[in-house]
Amino acid sequence: MSNTKKYWKGIEELKATPEFLQSKNNEFIEDLPVDEFLGNDSIVDTSTNRRDFLKFLGFSVTAASLAACETPVRKAIPYLNKPEEILPGVANFYASTYWDGNDYSGVIVKTREGRPIFIEGNDLCPISNGGSHARIGASVLSLYDSSRYKAPQISGKESDWKSLDSAVSGKLNDIAAGSGAIRILTSTIISPSQKAAVAEFTTKYPTAQVVTYDAISYNAISIANNASFGKAVIPTYDFSKAEVVLGISCDFLANWLSPIEHARQLSSTRKVNVEDKKMSRHLQIESNLSVTGANADKRVVLKPSQIGSAVVSLYNKLTGSSLSTKSLDKKDAIISEIASELNKNKGKALVVCGINDSAIQQVINAINMHLGAYGNSIFLDTPDFTKQGNDAAVMGLVSEMNAGKVDALFIHGVNPVYTLPNGEAFKAALSKVDLSLSFSDRPDETTAVCKYVAPDNHYLESWSDANPRKGVLALGQPTINPLFSTRQSIESLLIWSGNTTNAHDYIAKYWELNFYPSFATLGGFATFWNKSLHDGVVLNNAQIAQDLGTIKITTIPVTEVSAPIADLNSAAALISAASNAKGTEVFVYQKTGIGNGNQANNPWLQELPDPISKVTWDNYVLMNPSEMEDKGFNTINGQVQEADIIDVTIGSNKLTLPVLAQPGLAKGVIGIAVGYGRENVGKTANGIGANAFKFTQFINGTFQSETSGATLSGSVGKYHLAATQTHHTMMGRQIVKEATLEEYKKDNKAGNEDLLLATNLKTIGKDGKAAPKELNLWESFENKNHFWNMSIDLNACFGCGACVVSCTSENNVPVVGKDEVRRSREMHWLRIDRYYSSDMNEEVAEKEGVGAIDKFLKMEIPSANDNVEVVFQPVMCQHCNHAPCETVCPVLATTHSLEGLNQMTYNRCIGTRYCANNCPYKVRRFNWFRYNENAQFDFNMNDDLGKMVLNPDVTVRSRGVMEKCSMCVQRIQAGKLVAKKNSERPKDGAIKTACQKSCPTNAISFGDFNDMNSQVRKTWNNERKYQLLEEVGVQPSVFYLTKIRNKTSKEA
Amino acid sequence: MENHSTANVRQPLILEEKTYHQITEDIAKPIEGKANNLFKVVFTISAILALWGVGCFAYTIGTGIGVWGLNKTVGWAWDITNFVWWVGIGHAGTLISAILLLFRQRWRMSINRSAEAMTIFAVICAALFPVMHMGRVWVAYWVFPLPNQFGSLWANFNSPLLWDVFAISTYFTVSLVFWYTGLIPDFATIRDRQVKPRMRRIYKILSFGWSGSAKQWSRFEEVSLVLAGLSTPLVLSVHTIVSMDFATSVIPGWHTTIFPPYFVAGAIFSGFAMVLTLLIIMRKVLNLEDYITVTHVELMNKIIILTGSIVGVAYLTELFVSWYSGVEYEQYAFLNRATGPYWWSYWSMMTCNVITPQLFWFKKIRTSLIATFIISIFVNIGMWFERFVIIVTSLHRDYLPSSWTMFHPTFVDVGIFIGTIGIFFTFFLLFARTFPVIALSELKTILKSTKENPNPPHH
């Protein structure tokens, strides 16, 4: 059937109206308003015509394609003329000198392609002996601090050296013309040439006088020595010569005077071995629980106000004299015991005291005199020149300034507005000074109120020399060109004195004229100079032991000095008068990392946990836990509860800080660390904590860290302190094994009995008991070539934390900040576990019938007694030979090397974190975020300058991968290559891990276990050796030596 | 009376007088009818939660795992807790369809379809976590032993995580195939009933051209039996292997040989609880009361009593063994679970998993829909806490007290968990609207016998 159907388009078609028929042939039935549209002029007039449109199109396409390009290209520019000594990829090492006005050390600076990246101790330096300190190791990062001054400043604005020089010279000439007073307030100058430059300046401007100020003062010691011996010097000490050491409020292992040296000296008498089972005895009397006190064999806790009485009472008991003193009640008996012990060891005993009070120091002198320490372990004839501050002169300067008598003040190396007890008064007085100038290389509280800032170079950019003590002469050389428009202070002073010699020439000339004559036998001056520069220190002790002649510089006449203390009786009277403390007593102390706060803007130091409290990024009020309980404060700084914030008020000074429980702290006493509460220093340190220097006081002619009369408020808020360790006891577990010396003398394995597991294997022994090593699930690895092992002597580890900083620096360990530490996410590859003893243990529980639940709850609480014991244990990846992490990784990102190392392949890691969960030591660290180039983590890895500190041999880890200690595999590799070039096996000791290198006490030894003569192999046979958590059967390559305490059976 | 093999004492599995046609009508209704408002509201909420979860996942991938509450000591927490919880839930479906099939438990026919659907969706939710918890998700495929050009890189066959990859993917594949095989004749029924051409075409594709010939039925039966045979060991193996993530480790509280049976029992326990939670709502909403009856609920409750009791015994065994072992770390780990800072999670687990299911010994409770529903929720919660307790309380205080710390979840942790619940319900609701929620053709095989008993028809 054909299709005859007709479909209409509409009713119009059906009807076939004329209109429809007419419009049917049009393309569009309705008229289009074409003419109307085209006739509209406004359309033609629009600015976007066709050409423009095409332009826009082209632009957009180009822009879009540009935006879609890959990440920006970073150009690596090759050397046009390669410096002869620089080989890309090979590190250069330069000897130099670290001196920041407080800490001194001869250092070796490791540079890569012209960038200093790592600081270690100089083995030739008789003071550091190759060891380091947290503050010194971290100083390399302070070089790359983007908040440093980039140019000289005039009235807070950036300027240039020409304008600054003309302004300063002009003013100086005016002031000199009017005989106005010019003062130089400086930290101790140990550089002979700098002293010469100052002398040139004072010659040019005869009204100029120098005031030396140490933020942490040791002035009382020189005053006391002046009174006792007529020698106003700080002596040097040799703790290795003492068999009994008594430290009184003296943190000599971590902060006091020359801690690296002291730690090494003391540790040499603490490393017991089977052949010679002798060790020194270390007693400590203190209010705080210092790092030094934590390592003492016996600790006596006294309030700061009682310490003086204890010293006098000790003197009385030692000598049988009867200087007037206050009774210490129950503690008197302990002082008697100490006295009799010291008396028994006359000639082999040493007493050091960290209290900056000349009366107390004078009695200490008498005690040491009585004990025969002088010439044996105390040396007045080779004095320490690093603390020459004169506290009274500083106070005199402030009143002089206040009186408007000072026209020009040059501030060098110190930050008085921050560190003086009356910093505010200094600030006010400074406004009366016409010409105020600071040499600080970075902004601080003082530069904020100075008219001029002539920024000094960082020490790594400077030429320097040093005479830190009689008989030691050192040179420092720059290891990088100045990063900014800065100038060494020595050059600035010379320029203003009219001498345009540069620092290098000036120092060289000075050495040629003054020191070279004594060494002329060595050859020409160039030889002498090059050798000195190469070594960093001048070694020929016989010659430099002569007085090299310190340059006399005009110092301010001291007006406010109290009359010298005539004899011990008047000293005792002064001590007795000062011991009337009211209210809560306060002491301020230095933390190992932050110290006096001059490097507070250094994130490595901020994130370094305090050795004792394990808190990072803050200061806080330390208080005895039982006292806190009485006051209703939270004593558990944990992840669960936050710390209480309190107000501490002394007079008009109020500090608001969180309060932290500190076992072993005297009751009625609080402690606050200095170095915090910085302002105007940079993003890292600004606004952290509060300034405890306000609680120091100027009394009896010296700045003292102890005061009283504080009132404490109740809790005014809550604060989450960021601690890396929130549980403080070993919970009765065999983690740090220890024994007393007496036990060890009887039994080489004391405290380290063989660990045997009960099994039903009849093949092993008759009772089926087996050592964990014998029960294996896995085949043993064969380490045919090398087998890298590490041992750690817990008797030599004082917990100072130098290794932690050193590891951070070597291995590009990221800083994560306070908030992440609060979340327990610190990235340190190496941590130092600190455990307190608890009053509860298995025996006590059994005796008192305490149930299991209560027992463990009580075990968690550190002992509240004075005699709480502390142990330190560095823990890094243990490089297990049957590693639980290796079996669980689904992608083999962590594997075992043929040399016994547990390796982490970052590129392969997919981030399941299974390895970290299965690690019994919890040493694995996960990159929760991207820690570099991330504004959320605005530390050194987020700015181009800060990134210059990164070690190019170590990968910067990306987000989402696991990382951990590699035993410095890059150093092992470098050492192997050196050996290979010489066609030999790596010598034992040639390869040192970063932690090992920095350790001032050589507690860590590292080497090839397959080398029968290596230190580590010998240590393996030591009966004190044990492996941490041996019973888990993971067979670690790191092992420890038990801690031996020199306690009497009565004390034990 | 005609010669019939059905036992007289059995309760009917389908209530009311149903004809074959009525069954088809009843089950096809949700697919063919319009969604009501309640459905729309619930679906919208689920979809929003799912999107929120996806957003949290995206945030995690974009920023880093650090947005979760994990730390140096607790490397797994909610992520793996959720993973194990979802995998556990995913156990009931296959158990019902495979093991009960082999045991000729014909009552399973009313519930197996939705239980299997639940399994599939739960496993999808579960599988999200092992992938998402990786620090570098974009290289997640490295867990597969793929030939590659990176050198001699291969997966680590020693790692239980790798076993997981295979266990879960195998389980998912087999479950999906089994589920789909069962769906084919039912899709054909829906196809034949569809009047809308587009829908008809879709169901035509889905039903793989099923014509219902005797040959097809015979092959269908064979495949079902083979798949049931394959699935049965999987039901036991998946959670055994998941438990090995923990059991093969060295962490006190994880390193436990009891884990495989204990985990499998727990998985079935939680799976049945989730089936009950869903079915009690679904039978009401989709008017399937005649098919999913109190008898079903009661039978499932009996399984819950059994598995719940096994789990309870396992908990007590763990405590005993930790004491008996004499290992101080082990002893402390368990003491810390019960009395440490996470005591509340331990006691929530104990209450929900050990005490509440014991109420099912009372017939009144186990035949009460409301009571069952409430207890099933308790079990779901309790089983989540069980995994939380195992993972977090074991990790947060292990060997060295210096590293002990706490885990605090963040909003992202919570968001991701809620998100997966959203994803699960979104899928399940879509399933309920588009798939025959009861195995139609299978159900028809039990109609006659149940209809005729126990009230013999009047002859």
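The predictor assigns the complex an ipTM of 0.91 and a pTM of 0.88. Chain A has an average pLDDT of 87. In chain A, 95% of the residues score at least 70. The mean pLDDT of chain B is 86. Here 93% of the residues of chain B reach 70 or more.

Over residues 545–551 of chain A the pLDDT is below 50. That stretch has ten contacts in the model beyond near neighbours in sequence. Where pLDDT is low, predicted coordinates should not be read in detail.

The domain assignment divides out three parts of chain A. Domain 1 covers 1–69, domain 2 covers 231–384 and domain 3 covers 579–723. Between domain 1 and domain 3 of chain A, the C-alpha centres are 80 Å apart.

Two open sheets of chain A are described next. One has three strands in the order β1-β2-β3, with antiparallel pairing. Its edges are β1 (92–99) and β3 (115–121) of chain A. Each edge strand has a single partner, so one side of each lacks a neighbour in the sheet. Neighbouring strands of this sheet are turned by 35° against each other on average, direction ignored. Strand β2 (residues 104–112) of chain A is joined to β3(A) by six bridges, and the two run antiparallel. Within this pairing, K110(A) lies opposite F118(A) of β3(A).

The other sheet is parallel. Its four strands follow the order β11-β10-β9-β12 in chain A. At the edges stand β11 (298–301) and β12 (349–353) of chain A. Each of these has a single partner strand, so one side of each is without a neighbour in the sheet. On average, neighbouring strands here are turned by 10° against each other, direction ignored. Four bridges link strand β10 (residues 281–286) of chain A with β11(A) in the parallel sense. The bridge partner of Q284(A) in β11(A) is R299(A).

One helix pair spans the two chains. The axes of α30(A) and helix α11 (residues 328–339) of chain B come within 11 Å. They cross at roughly 95°. Angles of 65 to 115 degrees count as roughly perpendicular, and α30(A) is therefore roughly perpendicular to α11(B). From α30(A), the contact is made by A852(A), I853(A) and F856(A). From α11(B), Y332(B), L335(B) and T339(B) take part. By class, this contact of α30(A) with α11(B) has five nonpolar residues, one polar residue and no charged residues.

Conventions: Residues numbered from 1 in each chain as written. Chains lettered and ligands numbered in written order. Predicted model: local features only at pLDDT ≥ 70, side-chain atom pairs only at ≥ 80, totals over all residues. Domains from an automatic or database assignment. Pairing = 2+ DSSP bridges. Axes fitted to C-alpha atoms, helices over the stretch in contact; angles between N-to-C directions. Parallel < 35°, antiparallel > 145°, perpendicular 65-115°, else oblique. Contact = placed C-beta atoms within 7 Å. Nonpolar A, V, L, I, M, F, W, Y, C, P; charged D, E, K, R; others polar. pLDDT = per-residue confidence, 0-100.
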